[in-house]
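The sequence and structure are shown first.

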Amino acid sequence: MMALWPLLHLTFLGFSITWPLVHGQGFQETAAVWPSLFNVSLSQKTQESIQIPNNGSAPLLVDVQVFVSNVFNVDILRYTMSSMLLLKLSWLDTRLAWNTSAHPRHAVTLPWDSLWTPRLTILEALWVDWRDHSPQVRVDQDGHVKLNLALTTETNCNFELLHFPRDHSNCSLSFYALSNTVMELEFQTHAVNEIVSVKREYVVYDLKTQVPPQQLVPCFQVKMSLKNTALKSIIALLVPAEALLLADVCGGLLPLRAIERIGYKVTLLLGYLVFHSSLVQALPSSSSCNPLLIYYFTILLLLLFLSTMETVLLAGLLARSSLGAKSSPSPAPRGEQQEHGNPGPHPEESPRGVKGSQRSWPETADRIFFLVYVVGVLCSQFIFAGIWMWAACKSGPAPGEAAPHGRRPRP
């Protein structure tokens with residue numbers, strides 16, 4: 001009761017004492033400038049209210065309700081995401097309770113820095129924008145304190161992109177109270193998903209909170225599970241790649257003697273090289289668990305390269321054999337010269353037999369390669385589908401996750 005008197009005097013007399021909110025990862029502590037009409041004992045009582053409430057042998061329990069209203073700007077290339085949150089904190093400070101019979105007011109509103117409040121820092125944050133730079137604290141007659149904090153932040157997230165673009169990732173926001181210890185402060189958390197819009201690439205399908213064990217600093221975590229809708233990536237990446245592979249298979253139906261076949265194959269290969277170069281920039285890279293699509297598109301590039309090289313080599317061999325046959329024609333047998341007067345062909349000399357005897361060995365090898373190539377392409381598709389369904393990869397823990405936050409540095 002005595003600790004609340006200076007705060008009640010400030011509220012009832014209408015003095016405005018506010019301090020700025022930090023523009024970074026936590027709150028900035030500034031010195032309070034009290035009016036000259038208060039004496040030194042009044043200032044000392046006020047300073048007592050700024051200290052963390054003493055809960056005896058047990059730590060002070062702070063209830064935290066986390067409301068997530070939006071998740072946007074999910075960037076898998078930078079491994080970052082932005083989110084909008086509302087934190088509702090409440091705790092009991094018996095020093096601020098008063099008797100309503102003497103003072104009929106049931107609640108008062110005070111500047112947040114005129115009494116003790118948890119100073120929170122987001123460990124994964126690149127930047128934090130606290131929406132209200134002068135939040136107000138509500139104190140009830142029984143000493144219950146309530147504080148609402150609205151913020152927008154951009155944080156790092158270790159996306160699991162093995163099955164990109166059908167990936168599922170868990171992103172964490174770790175809130176630490178670095179100015180207190182676990183013997184003084186403890187958090188009790190709840191989470192509410194208030195995201196109502198689903199028209200986005202990544203959707204939050206699960207939201208949880210937890211208090212990590214064995215920590216030297218009081219903290220709580222907000223874990224968001226993100227799911228990729230994959231429509232944009234499927235249209236932009238998978239459809240063009242499969243279309244080029246199908247066009248390459250159909251190009252094998254062209255005769256080896258056709259001049260257009262080499263140009264057709266080379267054009268497909270060059271087009272896929274351009275597509276592959278832009279694809280490398282669009283897909284993320286990681287030290288572990290790279291997307292399976294990177295290996296898949298590399299295998300497609302090798303298949304197209306192999307098909308083009310086969311066409312060029314066999315077409316060159318066919319051209320050499322044709323030039324050799326024209327330069328050294330075989331003389332006709334004498335038996336055939338004597339039978340020139342007989343116009344009737346032999347029964348076994350049918351046009352079909354003549355046509356079949358004209359197929360050279362490069363064309364035969366090309367036909368065999370085409371059949372083997374089609375079987376190989378089909379098998380590669382089924383093998384990749386099986387790997388996609390059954391493959392699993394979990395990134396190893398970061399070096400800082402093996403020990404609790406705030407440990408002593410190694411010598």
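The model is predicted, so local features need pLDDT of at least 70 and side-chain atom pairs count only at pLDDT 80 or more, whereas totals for chains, interfaces and linings use all residues. Residues are numbered from 1 along each chain as its sequence is written, and side-chain values use heavy atoms, with hydrogens and water left out.

**Confidence**
- The chain has an average pLDDT of 80, and 76% of the residues reach at least 70.
- Residues 334-341 also stay under 50, with two contacts beyond four places in sequence.

**Disulfides**
- The structure contains two disulfides, each defined as a pair of cysteine sulfur atoms within 2.5 Å.
- Cysteine 157 is joined to cysteine 171 at an S to S distance of 1.8 Å, and both are buried (under 20% relative accessible area; exposed is over 50%, partly exposed in between; 1.4 Å probe, protein chains only).
- Cysteine 289 is joined to cysteine 393 at an S to S distance of 1.9 Å.
- This second link is left-handed, with -75 degrees about the S-S bond.
- Cysteine 289 counts as buried because its relative accessibility is 11%, whereas cysteine 393 counts as partly exposed at 35%.

**Other cysteines**
- Cysteine 219 is buried at 4% relative accessibility.
- Cysteine 379 is partly exposed, at 38% relative accessible area.

How values were computed. pLDDT = per-residue confidence, 0-100. Contact = heavy atoms within 4.5 Å.
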